[in-house]
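Student: I would like to learn how to read a structure like this one. Please show it, and we can go through its features.

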Amino acid sequence: MLIIISPAKQMVSSDYGLAPQRWPRFYAEAQGIVEQLKPLSVNELKTLYGSSVSIAALNHARLQEFGKAQLPALTPAIYAYQGLQYQSMGAKVLTDTQYQWLEQHLRILSALYGLLRPFDGVEPYRLEMQARFCPQAGQSLYDFWRPRVTQALLEQGKSPRPVLINLASAEYAKAVDLSAFDCYDVRFCVRKDDKLVEQGAWCKKARGAMVHYLSAIEASVPQAMQGFNDFNFHFAPQASSERQYVFIKE
């Protein structure tokens, strides 16, 4: 059983906690993407990112330094990404057993690195999967990463058709051929005026908390998700199906 989640835009370099264990599987591909981004000006990056000048300038500087650090100086992916999802996951307060479980089951999708394990060493970067950038002629980032990421997940799932829990956003889930897996989609909804609405902030918090929950109970089957009740979300069997689990916050 594997779990996929999205990265976060905000990243940090930190020596907190455990050290990185390995280079990312697709580090060579990441280096190739960086080499294509390096010549871009701050204004060109601003357009690509859809960001402020200050964010573009920060990441322009990051691109120029990319690849110069040795592995021990890098940050494990699980610590590097910031934001609501990673805060709710509680990456800095997990037990050794939880870290081991996450290494086996959790995978982070990335527009730069493709696919990451929690303790792959990464450098801060800025790149969204839906960015208008072509790593190869005629290929979007989705075209570039989908076959690579899908194959890697199939291999790591150690089964002809592995179980995959999709906790990623729609933007990042499209980087995987979900039809190749026994995939379980998860929705976190807030009831509002008798309608079920997915609210971005609550979804991010709940996804991170779900990862924490599954690691705490050392889940081995997707049905274990049904016991999740953080942030007052509860499994709603009447709104769910065999392959889509819906959690509702009343």
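Student: Which residues touch the most other members of the largest nonpolar core?

Tutor: Some ground rules come before the answer. This is a predicted model, where local features need pLDDT of at least 70, side-chain atom pairs count only at pLDDT 80 or more, and totals for chains, interfaces and linings use all residues. Residues are numbered from 1 along each chain as its sequence is written, and side-chain values use heavy atoms, without hydrogens and water.

Tutor: In soluble globular proteins, nonpolar side chains tend to be buried together. A nonpolar core is a set of buried Ala, Val, Leu, Ile, Met, Phe, Trp, Tyr and Cys residues joined through side-chain atoms within 4.5 Å. Buried means under 20% relative accessible area, exposed over 50%, partly exposed in between (1.4 Å probe, protein chains only). Here the largest core has 80 residues, and Phe188 and Leu214 touch the most other members.

Student: Leaving aside neighbours within four places in sequence, what is Phe188 in contact with?

Tutor: Contact means heavy atoms within 4.5 Å. The partners of Phe188 include Leu167, Val197, Met210, Phe228, Phe233 and Phe247. Glu198 and Arg207 are also among them.

Student: Where does Asp193 lie?

Tutor: Helices (H or I, at least four residues) and strands (E, at least two) are DSSP runs, numbered from the N terminus. Asp193 sits in the loop between strand 7 (182-192) and strand 8 (195-197). Its phi is near 55 degrees, positive in a residue other than glycine. Asp193 is exposed, at 69% relative accessible area.

Student: Is Asn232 buried or exposed?

Tutor: Asn232 is exposed, at 53% relative accessibility. Its phi is positive too, about 65 degrees.
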